Amino acid sequence: MSLPEYPPALVNRSPLTGGTFKGNPFRGVLHTTESDTFTPARSTYFGHKSFPHFTITHQGPKVEIYQHITIAKAARALRNSPGGVQTNRANAIQIEIVGRARNAASFSDPLLVELARWMRWVEEKTGVRRVAPFAFRGPAAFGINGAARMTTAQWNSFNGWCGHQHVPENDHWDPGLIPIDRLLGIGEDGIGVPGEPPVGTAKHRYLVNNVGPDDHLNCRDGPGVANDIVGTFASGQMDIEAAGSSPVLVGTSLWREVKLGETRRGWVNERFLCRYWVEDAGTFPVRVAPGDRLNVRFGPGTGNAVVLTVEAGTPVAATGLVAMIGAGRWREIATTSGPAWVNAHFLGSAIAGPAPTPEEPPADAAIAQDWSQVPSATRRRIAMDLLTSTYGYAKEAAAGVVGNLMKESGVMPSRLEGSRPGTPLRSPDFDGNVRTWTPEQVRDRNRATRQGPRAPGVGLAQWTSEPRRSNLFTHPFQGQVLDAGILFRFDAQMAYLVHELHSAPYDERVNSVLTRPGVSMEDASDEFVYRFEVPAAVLGPDRRLAPRDSPSVQREFRERRSLARTALGEFERAHP
């Protein structure tokens, strides 16, 4: 058969094929060459006779595809042990990606777009399904019994996309953590997902996805990171509307124009956006094998953290929000910690009657615990509930406060300035060495003697200055001074924060705004950062408050308003 069969491909013919297919369902197998250029990869093919059907190369925005073997015959890139399961001849269409498995998670957008276009062609020609039901893993997939490896029975009946790491009798772990969701989601035209509402319709919206719970997405005044930041979107933020019909390629990344309010526009990296829409809500049973549990995630797609798991057969309440990640549908469900997401493939048909709300491991504000192990959505919910129910603030005022706490500490009581969310008590000392601190060492920090953490910020609000920092550890709560133990008590730190708001000078400067009838979320957020938190961004060169209309202050206002909007949205969905 004449080559190339794939029209854009260049010909680099193999002198050998793997023989005839055995009649299994077709499946696509992705490899990485574990080299940086095509030349050594090609030498390996010729030296070991291990040709795939195709090879895809990339150098910056330039991407080329070579075809070696007709798709009517088997390739030779998989190990096939004598007397074992058929691998190459099991109707496997194979492509080698020039690159290394350890770098696959950051493969460039031009490469992913062209690889996805090839995948759509394979699907059309062979009937490979546009699914990847087996998770792609990192180095844990290495070995013949690696974490991702299929059983013989799974492989024999498989129809979809997988990696070398999934194939029985093989021990490689390529192509690593390749962004398979994105590859499944890109159409023949290089953008979009079939079945989604078209761009520009009233239903078409984006949410921020694949951004850490305590992080945010920057919005810039032009496509590319060289442009100024004009706003931010919080992790999981919804109702982001596209302003243009197609993304723009800058370097190796796709950027999309979005709306910032009624009249303003900005640009974000499309890698961190996900399209979603609304369908009918309902109750659905979890459809996984008996004894298995379904992962419930912070956002749609396997790139998001697992917040809890649900047993087979458990009914869950879907809110109606639907997102398409690759070719897979994800549904938002209600949980005790707020909304979360599950792969709709693992939900059965809708059933009548209300569903119980799945519960996460208990997180009680009155219990001393490691709050880094509590999902960030739960921490935000606890803060909002305390401010509204216990201390009587309006939801808009509470959201303005919580949005600031998100920026300061990730709403984590034990967080030290300069630490990471997963290790809140680990930060640099005065010599720059990163170490883990005891609560007592945090409490006893002394700049003069260079004892304790170098940066002073601590707690929910990142209390920094004296005597505010010292008062945190001596403030009586429910008739008791918790001392260094307050680092693990959410309720006690919120009580101290509210105590400060009711004390001079914050009672007149800040609390009067927070308690004003009809206060807006924006006003609450702005006042809290400008008069209570006072970060460097709102100070001028003389270390005094800069004018509110100065660019640096306005940027800080926009970022914290965006975080506050997330807290308010979560609260309103949990309290309709």
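This is a predicted model: local features need pLDDT of at least 70, side-chain atom pairs count only at pLDDT 80 or more; totals for chains, interfaces and linings use all residues.
**Exercise 1.** State how much space the second largest pocket holds, which residues lie closest to its centre, and which elements line it.

*Solution.* 
1. The volume of the second largest pocket is about 940 Å³.
2. Its lining consists of 42 residues, and those closest to the centre are Lys407, Glu408, Ser409, Gly410 and Gln462.
3. Two or more lining residues come from each of β16 (306–311), α5 (376–390), α6 (395–409) and α11 (521–533).
4. With four residues, α6 gives the largest share of the lining.

**Exercise 2.** Describe how α11 is placed against helix α12 (residues 551–574), and list the residues through which they meet.

*Solution.* 
1. A pair of packed helices is described by the angle between their axes and the distance between the axes.
2. The axes of α11 and α12 come within 9 Å and cross at roughly 125°.
3. This angle makes α11 oblique to α12, because angles of 65 to 115 degrees count as roughly perpendicular and those over 145 as roughly antiparallel.
4. The crossing in which α11 passes α12 is right-handed.
5. On the α11 side, the contact involves Met521, Glu522, Ser525, Asp526, Val529, Tyr530 and Glu533. On the α12 side, Val553, Glu556, Phe557, Arg560, Arg561, Ala564, Arg565 and Leu568 take part.

Key
Residues are numbered from 1 along each chain as its sequence is written. Side-chain values use heavy atoms; hydrogens and water are left out. On a 1 Å grid over the protein atoms alone, a cavity is a set of points where a 1.4 Å probe fits but cannot get out, and a pocket is an open set with protein on both sides within 12 Å along at least five of seven lines; lining residues have an atom within 4 Å of a point. Grid points are joined across faces, edges and corners, and a volume is the space filled by probe spheres set on the points. Axes are lines fitted to C-alpha atoms, for helices over the stretch in contact, and angles run from 0 to 180 degrees between N-to-C directions. Angles under 35 degrees count as roughly parallel, over 145 as roughly antiparallel, 65 to 115 as roughly perpendicular and the rest as oblique. A crossing is left-handed if the near helix is turned anticlockwise from the far one by less than a right angle, and right-handed if clockwise. Contact means heavy atoms within 4.5 Å.
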